[in-house]
Each structure stands twice: as structure tokens, then as C-alpha cells.
Amino acid sequence: MNKTANFYVESFLEMISVERGLSEKTLEAYHNDIDDLFRFLKNKVSVIDIDEMLLHKYIKSLGKKKLTKSSIARKISSLKQFFGFLNDERIRSDNPTISLETPKKERKLPKNLSEKEVESLFLEAEKLEGPEGSRLRAMLEIIYATGLRVTELISIPISSVKGHRKFLVVEGKGNKVRSIPLTKRAIQSIEIYLLDREHFLKNGQDSEYLFPSSSQSGYLTRQRFSQMLDVLAKNAGLENKKISPHVLRHAFATHLLSNGADLIAVQKMLGHSDINTTQIYTHIVDTQKRDLIYSKHPLSEK
């Protein structure tokens with residue numbers, strides 16, 4: 001970067017540092033992004049002469065470097081702010097970055113488990129004895145049968161399961177109440193666990209929660225449930241999967257959709273207010289189908 005360009009860049013960095021109170025690391029990132037453009041131009045083009053065509057060539061070159069969309073988006077943002085500054089300061093009479101479009105970031109697909117992997121978790125849970133075992137099996141069956149959020153699972157009121165109910169009524173985000181059907185396995189696991197539930201009652205005092213605990217909240221903490229899942233996953237040979245309550249919620253939704261469930265029905269069971277949030281699970285199913293075709297179809301490339 002020549003002296004003139006460097007002067008303008010330093011002036012820009014000073015301005016955003018004062019106005020936004022940015023850290024040295026963030027300022028360095030801005031500097032590197034802008035300097036990368038000048039290195040691409042081999043410092044042969046002045047700040048005043050950089051036009052839209054050159055910027056588009058530069059952005060195209062970033063794609064050839066196989067940079068992630070988020071990295072390209074960050075560089076474009078840095079350039080837009082820099083050239084916007086030059087325009088505001090009347091150093092340039094135009095802003096050549098106006099036509100630059102920021103690439104849409106790819107939405108990461110949730111981590112997921114196969115039906116076989118879920119079954120291996122349940123088989124491992126069957127080996128656990130005593131009240132701890134019956135409690136964990138009940139929690140696993142409920143979360144996989146209903147797709148509850150972990151906070152909803154651990155705080156289920158005991159009143160929700162009394163009377164051999166075939167549906168679980170839960171209060172989710174925004175105090176919205178929804179009713180979710182329970183599988184036969186889930187109902188049976190709850191009935192078995194209820195025989196052991198007294199073991200977890202503090203000083204024999206009853207609790208309003210299905211999964212009581214001596215914790216401050218009065219019910220089993222999400223941290224404790226996550227620890228139990230972690231140990232179970234390792235014993236089932238799934239330690240590399242980083243299984244969490246949320247991953248089981250994802251498995252519930254994905255497996256329902258892959259077996260033909262209606263998207264709106266799954267949305268209601270998950271408690272999503274926006275169908276687009278549920279739609280992400282259809283992408284997982286589509287990806288799985290595509291991978292199956294690529295790996296099993298006789299005409300696919302080996």
C-alpha cells in the first residue's frame with residue numbers, strides 16, 4: 001500500500017476507533033481487509049481510481065481462493081465502510097462499492113443423529129439400574145417422543161403426567177401452551193419411573209415437578225441432564241457426536257419428517273412460531289437422501 005492510500009486507511013481507522021471504541025484486534029482486521037484489495041491491485045491503482053469493475057474482479061478472486069461466504073462478506077463490509085468514509089470526506093466524489101452484493105451466509109444445519117444411533121443410546125440406557133436408570137430412560141423417551149426443549153423437559157409439572165395421559169401439555173416460549181402426543185414407550189417409561197420418583201424427593205417432601213431435585217430450582221438442572229447424556233453417549237460409543245439435549249430435539253424433528261410427517265404438525269409440536277425455523281430440518285432430510293443416492297445408486301460416480 002502506497003503512502004497516500006495508507007494515509008487514508010489510517011484516517012479511516014482512527015475515525016471508527018474514536019466513534020465506535022473498537023479494539024486493536026478489530027482495527028487490525030479492518031486494515032488487513034482493505035490492504036488485501038491493494039495487494040490484489042499490486043498497488044498500481046490509486047484510491048481515487050478504484051472503480052466498480054476492479055472491485056468486482058477482486059471479489060471474484062476471493063471466490064477462487066475458496067474463502068468462506070462469511071469471510072468474503074466481512075471483506076466487502078470493510079470496503080463499503082472505507083469507501084463510504086472517502087465519499088463522506090469528499091476525498092472521492094462517488095462510492096464504487098454501492099453495487100457490491102454481500103453473499104448470503106449459509107445457514108448451518110443442526111447436528112443430527114441417525115435412527116440407529118438414537119437406538120444405541122436407548123439400548124445403553126436399558127443397562128442402567130435403579131432410580132437413576134429409570135429416570136434417565138424416562139427423560140430420553142419423553143424428549144425423543146415430543147421434541148421438548150431441555151428447559152421444558154426438566155421442568156415438566158407432575159400434574160402433566162398424572163391420570164395415564166396420552167398427551168403431554170407443556171408451556172413453552174412466550175407462555176404458549178401446546179399439547180404433544182406421547183408414544184407407548186414414553187408412557188411406559190414414565191409409569192416405571194414414577195415408582196422410583198420418591199428416591200429424588202428432598203426429605204420425603206413432595207414436589208410439583210416430574211423430575212424433582214435438591215437444586216435451587218427444585219428440578220433436575222439442565223447441566224446435570226447434559227452430564228448424564230454425555231456419559232451415556234460415551235458408553236454407547238458415540239462420544240465423538242457431542243450429544244446434547246438439543247441434538248435429541250433435532251433428531252425428533254428430522255426422523256419424523258424423514259418418515260413422512262407433516263411439516264406444520266412438526267412445527268406445532270416443536271413450538272416454533274415461524275415455519276421457516278422448522279423448514280431447516282427438511283434440508284437435513286434432503287441432504288441425507290442426496291447422500292444416499294450418491295453412495296448407493298449404481299450409476300453414481302465411485
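**Reading strands, cores and ring pairs**

Phe-167 stands opposite Pro-181 in strand 2.

Visitor: What secondary structure does the protein contain, and in which pattern along the sequence?

Guide: The model is a predicted one. The protein comprises 12 helices and 2 strands, and along the sequence these follow the pattern α-α-α-α-α-α-α-β-β-α-α-α-α-α.

Visitor: In which sense do strand 1 and strand 2 pair?

Guide: Strand 1 and strand 2 pair in the antiparallel sense, over 5 bridges. Their hairpin has 5 residues between the strands, and Gly-174 there takes a positive phi near 70°.

Visitor: Which side chains of strand 2 are buried?

Guide: The side chains alternate along strand 2, residues 177–181.

Visitor: Which residues of the largest nonpolar core touch the most other members?

Guide: That core has 48 residues, and those touching the most other members are Ile-142, Leu-153, Phe-211 and Phe-225. The elements that give two or more residues to this core include strand 1 (167–171), helix 9 (222–235) and helix 10 (245–258). Helix 6 gives the most, with 7 residues. Leaving aside residues up to four places away in sequence, Phe-211 touches a set that includes Arg-135, Ile-142, Leu-153, Tyr-193 and Leu-220. A second, separate core holds 28 residues, among them Phe-38, Val-47, Ile-59 and Leu-100.

Visitor: How is a pair of aromatic rings described, and how many aromatic pairs are there?

Guide: Two values describe such a pair: the distance of the centres and the angle of the planes. The count here comes to 10 aromatic pairs. One of them is formed by Phe-12 and Phe-82, which are edge-to-face at 5.7 Å centre to centre, with 70° between the planes.

Visitor: Why does the pair of Phe-12 and Phe-82 tie together parts that are apart in sequence?

Guide: Phe-12 belongs to helix 1 (residues 3–20) and Phe-82 to helix 4 (residues 69–88), so the pair ties together parts that are 70 residues apart in sequence. Phe-12 is buried, with a relative accessible area of 0%, and Phe-82 also counts as buried, at 0% relative accessibility. Phe-82 forms a further edge-to-face pair with Phe-83, at 5.3 Å centre to centre and 65° between the planes. Phe-83 counts as buried at 0% relative accessibility.

Visitor: Which residues do ring pairs link into a cluster?

Guide: The cluster consists of Phe-12, Tyr-30, Phe-82, Phe-83 and Phe-85.

Note on methods: Residues are numbered from 1 along each chain as its sequence is written. This is a predicted model: local features need pLDDT of at least 70, side-chain atom pairs count only at pLDDT 80 or more; totals for chains, interfaces and linings use all residues. Side-chain values use heavy atoms; hydrogens and water are left out. A nonpolar core is a set of buried Ala, Val, Leu, Ile, Met, Phe, Trp, Tyr and Cys residues joined through side-chain atoms within 4.5 Å. Buried means under 20% relative accessible area, exposed over 50%, partly exposed in between (1.4 Å probe, protein chains only). Helices (H or I, at least four residues) and strands (E, at least two) are DSSP runs, numbered from the N terminus. Contact means heavy atoms within 4.5 Å. Two strands pair if DSSP finds at least two bridges between them. Rings of Phe, Tyr and Trp (its six-membered ring) pair if their centres lie within 6.5 Å; planes under 30 degrees apart count as stacked, over 60 as edge-to-face and the rest as tilted.
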